[in-house]
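Colleague: I am new to this structure and would be grateful for a guided introduction. May I put some questions to you?

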Amino acid sequence: MKSLRELAARLARQREWSLVALILLLSFGVWLKAPQFLSAANLSQVAILAAIIAVAAIGEALVVITRNVDLSVDSTIGLVAYAVAELLRQHTLGVTGAIAFGICLGLVLGMINGGIITLFRVPSIVATLGTLSIYRGFAYLIAGGGQISLSDLPAEYIALARASVLGIPLYVVVAAVLTLMVSIYLRQTRFGRQVYAIGSNPEGAAVLGIRSRLVVFAVFAASGCLAGLAGVLWGAKYGTITAGAADGVVLLVIASAVVGGVNIFGGSGSVVGAVLGALFLGLVANGLTLSRLSQFWLQAIYGLVILVAVAADAAIVRRLLRASAERRRAITATEAPQP
Amino acid sequence: MTTPVEVDQSPRTAEASMTRPSRASAVSRLLRWESLLVLVLVVLIVGGARVSPVFATAQNFSNLTVATMEVGIMAMPMTLIIIAGEIDLSVESMLGLASAVLGFLWAAGVSLWIAIPVVLLMGAAGGLLNGLLVTRAGLPSLVVTLGTLALFRGLASVVLGPRAISNFPGEFTAFGFGNVPGTPVPWPLVVFVVLALALGTVLHLTWPGREVFAIGKNASAARYSGVRVARLKTCLFVLSGAVAAGAGIILTSRLSSARADAGQGLTLAVVTAVLLGGVDIFGGSGTLPGVVLAVFTLAILQNALRLADVSTQLQSIAVGLLLIVSVVVPHVVIRIRGGSR
C-alpha cells in the first residue's frame, strides 16, 4: 500500500513541476513572438480569466479525486451569474448580499447534486448530466431570452474584476488563497485523507469505516459552492450576461484538472495541479491571440493538450510501475537463497 | 498485500470495480423497464393527442421523427459502447466535423458522390483514433473522447471557419427532409430503422454481441476467456465515428447548410437516450430495443411539450428530470422490495 501512495505522490509532484516548467517555457515562447505578452495589462488579463476557471477547477478536482465527476459546473456558473446580475439590476440586494446569495445558490445546487448521488446511489456522471440541463433550463427560465448588460449593473460589482490587492488582481488573490486553503485541508485533515481514500479504494474505505456517502456529498457541495463563486466572478468580469453564460466551460474545467494530473479514476492528483492546469490552458488561449494565429485553432489545441496530458500520465505510471516491479523482483531474488 | 494491488492498477479494472452490486434478476428487470417505457410512450401519445389536434397527424409524426433522427442514429453505436463499459463523448464534434468537411469539399467543387464516402471514412478514422487511444494506449475513454470532443470541433472550425455552405443540390437536401415516396416515412427514419435492426441483431443474437456484454461485465475475465477485448472495443469506436459522420451528413442535408458548429450539445441528448433506455452507465447490461423506445419517448415528449406551447427551456428541464428519475425509480423500487444490499 505504501509504495502505491508514494507512487501517486511522486507522480503528482512530477506533474506540478513539469507544468510549471511548461508554463514558463510557453510564456517565454509567446513573449519572443509577441513582446506585449509581458505587459501588466495582458498578464493580469490572463491571470484573471485563469483564476475564474481555477476556482471551479478546485471543486472539480475534489470531486474527481473521489472517483466521481461534476458535469454541471458550467450550468451552475451560468445560473449563478445570471441570478446575481438580475438581483443587482433590480436592486433587490446590495452587492455584498448578492455575492453571498450567489455563493449560497451554488452551494444549494451542489447539495442537490450530492443528495441525488448519495441518497439514491445514482452514478455521478448521470446525475450531473441531468442537472447540467436542469440548471441551464432554470437559467433560461428566469432570463426569458433577456440579457443583462454592463450598464445595468452597479459599479461596485463591476469594480471587483478590476480591483487589486498590493498590485495583484483580486481574482488571483481569491484563487490563490482558496488553492492554499483547500490544499492544506486535503493534506492535513482526516477529511482530506478520506477524500483520497474513497477515490483510490472505495471498498477499502468502507472497511475502514469511512462514511463515503457523507464525504462524497460534501465534495459535491463544495464543488457547487466554488462554481457559485466562479459564477459571481464571471458576472463581474464579463458584464454582459445571458442565460447561456459559461456554456461549455465544463470542458475547460475538467481539462484543467486532467492536465493538472488529477487521475480521472480518482485517488490521486492535487488541487495545485488543477489550478496550474487552468493557468496553462489560459496561457495557450492568450498565446494564440497574441501571436495572431486563428482563434479557430484554439479548440483543436485544447483537445491535443488533453490527449497529450493523459497519454503522458499513463506512460509515467507504466514506467514507475515497471521500475517498482523490477525492484521487487530484485529484492525477492536476493532474499530467496537466505533460508 | 502488494501483489493484488498491482493487478488493480490498470484503469480498465478500476472501472470494472465501479460496477454497482448486481440487481435482482437483470433480465426480468430489463423487461419490466421496457414495458414501463412502452407505458410512458402510450401515455405521452394519448396526452399529446389531447393537448393538440395536430399531434396525431402523419405530418407531425414525420416532423417529430425527422427532428430527432441524428440523436437516434448516434445513440445506436453509443448503446454498444456504453454496454462495453466505455463512453464516446466526441460524437457531436464528429458530426460537426463531418458537416464542415462535406461543406468544404462541396464548395471546392468535389462531387457529393466522392465527398460523402470521404466524410464517412474520415468519421471511421476519427473513431479509430479514439479506439486506439483507449485500447492500445490504455487511456480512459471519458478523457480521450473529451479530448477529441474539443479536437474534432476545433478541426471543424479550422476547415470551415465561421461560414455556412448552403448551395447544396436539391436531390441531396431532399434526402434530409424528404419522405419515402408515397408514405409519411422520412428517409432518415429508414436509416435509423436499418441501423437499429442491424445493431440489435448483432448485439442480442450473435456471438460478438455476447462478447460486448462480457466486456462490460468484466473486461479482464472476458480477456482471459479469449475475447479480443481491444479489437472489439476499437471496432465499436470506429463504428461510432463513422455513424456520427453519417449523422452529420444527414443533418447537413436536412438543414441544407453545412456549419462547423453543427450539432453542438447533442452528446448530452444521445447519452440521455441511451441511459433512459435502461443501459447501465457502468456497462454490462442494457438492450437496444430499450434505447429505440427511449429515442421515441424523448422525441414525443419534446414534440408534445412544444405543441402545448411549453418553452424549450422547460423542455430541457423535463429531459434532465426524466434522465435522473429513470435511474432513481428502479433504485427506489428495488429498495422497497427489499432487494437492497
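Predicted model: local features only at pLDDT ≥ 70, side-chain atom pairs only at ≥ 80, totals over all residues.

Colleague: What radius of gyration does chain A have, and why does it agree with that of a compact globule?
Modeller: Chain A has 339 residues, and a compact globule of that length would have a radius of gyration near 20 Å. Along the principal axes, the C-alpha atoms of chain A fill a box of roughly 85 × 55 × 35 Å. The radius of gyration of chain A agrees with the globule value, because it is 21 Å.

Colleague: Which element gives the most residues to the side of chain B that touches chain A?
Modeller: The contact takes 45 residues from chain B and 42 residues from chain A. On the side of chain B, the elements that give two or more residues are α1 (2-7), α2 (11-16), α8 (141-160), α14 and α16 (312-336). The residues on that side divide into 30 nonpolar, 13 polar and two charged. With 14 residues, the element that gives the most is α8(B).

Colleague: Why is helix α14 (residues 266-276) of chain B described as largely enclosed by the rest of the structure?
Modeller: The buried residues of α14(B) include L266(B), T267(B) and L268(B). The helix is followed by G278(B), whose phi is positive, near 95°. Helix α14 of chain B is largely enclosed because its buried residues are 11 of the 11.

Colleague: How are helix α6 (residues 91-107) of chain B and α14(B) oriented: parallel, antiparallel, perpendicular or oblique?
Modeller: V91(B), E92(B) and L95(B) in α6(B) meet L266(B), T267(B) and V270(B) in α14(B). The residues of this contact divide into four nonpolar, one polar and one charged. The two axes come within 7 Å and cross at roughly 130°. That angle makes the orientation of α6(B) to α14(B) oblique.

Conventions. Residues numbered from 1 in each chain as written. Chains lettered and ligands numbered in written order. Buried ≥ 20, exposed ≤ 12 C-beta atoms within 10 Å, placed from the backbone. Helix = DSSP H or I, 4+ residues; strand = E, 2+ residues; numbered from the N terminus. Contact = placed C-beta atoms within 7 Å. Nonpolar A, V, L, I, M, F, W, Y, C, P; charged D, E, K, R; others polar. Rg over C-alpha atoms; globule rule 2.2 N^0.38 Å. Axes fitted to C-alpha atoms, helices over the stretch in contact; angles between N-to-C directions. Parallel < 35°, antiparallel > 145°, perpendicular 65-115°, else oblique.
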